[in-house]
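Please read the following report alongside the sequence and the model, which are shown here.

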Amino acid sequence: MEQKLSSTSDDPADLDEKRLSLADTSVARPQLNLPDTMGMWGIAGDLLWDGINDEVREGLCVVVLRDRIASLCTLSEACRRGVPVQHFPACCIMPGMIDAHVHMEFSEHFPLHEQPKLTCHELRAAMEARALRMVQHGITAARDLGGTSTFAAVDLRNDIMAGRVVGPRLVCAGQPITCPNGHCHQWGGIVNSMAEIRPMINKQVERGVDWIKVMATGGLRTPGTNPQKAQFSEDWLFEIVAASTSHGRPVAAHAHGTAGITAAVRAGCHTIEHCSWIGQFGWCSGVDDATIQEMSKKGVYVSPTAHAKWTRKPMGEAGYERMCTAFGRLRRQNVPLVASSDAGAIPGLPHEALAGGVNVLATMASMGAPEALRAATSCCANAIGIGDVCGQLSEGYAADLLLVSGNPCRDLKALRRPRMVVSRGNLVDPCVMPHFDSTM
Ligand SMILES: [Zn+2]
């Protein structure tokens, strides 16, 4: 990867400018070094973090066979078995990061609803460039929570999984279900009546989605909608969940206002996106403990889209402090918070900036580093339904690995120092990380 961002500024605005000079399509192809796929090979740092425990371990390597982890063993054991091991001193090997909320179809260089009209070819090239940058920055899986009627993210997912494109493994939601003139109605997932819910969800399933996304409230970025207000009554949400689960698809609910959050949780949605608790007095003024208890009981995950640009406190100082308090209340009731960026919907936030968001989440929710790391690995994998495939270093799991300089369980900044990435068994050389926020 020749392209280096030698940014010395920590100001995201400066970064945006620098990034603008890099057209999405200008990213050089990485060198994909396919190891001998007929045999086992190993990769190790001095440390290993397995995605689960609070502590790193020493002297272990990950043995890879094709796209899977064959075993974890000591370096001497690997040597004895004749497994060739790439060893990276002063590094830690861990599971690749996972982003629970992205939009692969959209560029951070434009407002969400002012994206340029691209040909199919241009769109695909831009999406492939994003996917590549994500992997190079250690993001080996992500959930795409919606796009237009092109279902371009679903096609990208298929090509990544078939090995035709380098990118994170994706699970995709297709067109979000919304009401007429509702949040992101421009993407076409509009239902005018209860009777239209099942046909709309059938269409998503036919196009190959893994999740159903519903816009339970208005959004910040669609003019004319109110993020505080619920877009659907509880019985509509029940119908959406029933239709989705009849196809085996879980439901992600975009919800800012408290009424919409509560209705989505009651209706059985599986993850709550944003979860901003917007009440009468603004951002996070409507935190509802009864709803939090129900989330806890039902095993609902919260994907707060706390991203790298939140170091700027876009919700205001008071809103930021209330959000921190809300995170604490969720954690006390054992409601898991997962790493999620909303990249693609946030102008100026690159798809590969998850590491900065993990730090923001840890700071705001007062998480120790191991818990924040789980929020971006094993816990996130569970939230998006791939917890039996990836998110931890265990025998039989996917060889989706991230090798970082330093000890991430002591210092989350290590996430910003990727040395090597393994994506489904393929080595991917990461590029130099740009500085993104001022907290790390
Ligand atoms: Zn989103």
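## A strand pair and a helix

Strand 8 (residues 139-144) and strand 9 run parallel and are joined by four bridges, where strands (E, at least two residues) and helices (H or I, at least four) are DSSP runs numbered from the N terminus, and two strands pair if DSSP finds at least two bridges between them. From strand 8 the chain crosses through helix 4 (residues 152-161) to strand 9 in a right-handed β-α-β crossover, meaning that, with the strands pointing away from the viewer, the path from the first strand over the helix to the second runs clockwise. Within the pair, Ala 142 stands opposite Leu 170 of strand 9.

This is a predicted model, in which local features need pLDDT of at least 70, side-chain atom pairs count only at pLDDT 80 or more, and totals for chains, interfaces and linings use all residues. Residues are numbered from 1 along each chain as its sequence is written.

A residue is called buried if 20 or more other C-beta atoms, placed from the backbone, lie within 10 Å of its own, exposed if 12 or fewer do, and partly exposed in between.

| Element | Side | Residues |
|---|---|---|
| Strand 9 (residues 169-172) | one side, buried | Arg 169, Val 171 |
| Helix 9 (residues 317-332) | buried | Arg 322, Met 323, Ala 326, Phe 327, Leu 330 |
| Helix 9 (residues 317-332) | other side, exposed | Glu 317, Gly 328, Arg 332 |

Just after helix 9, Asn 334 takes a positive phi of about 60°.
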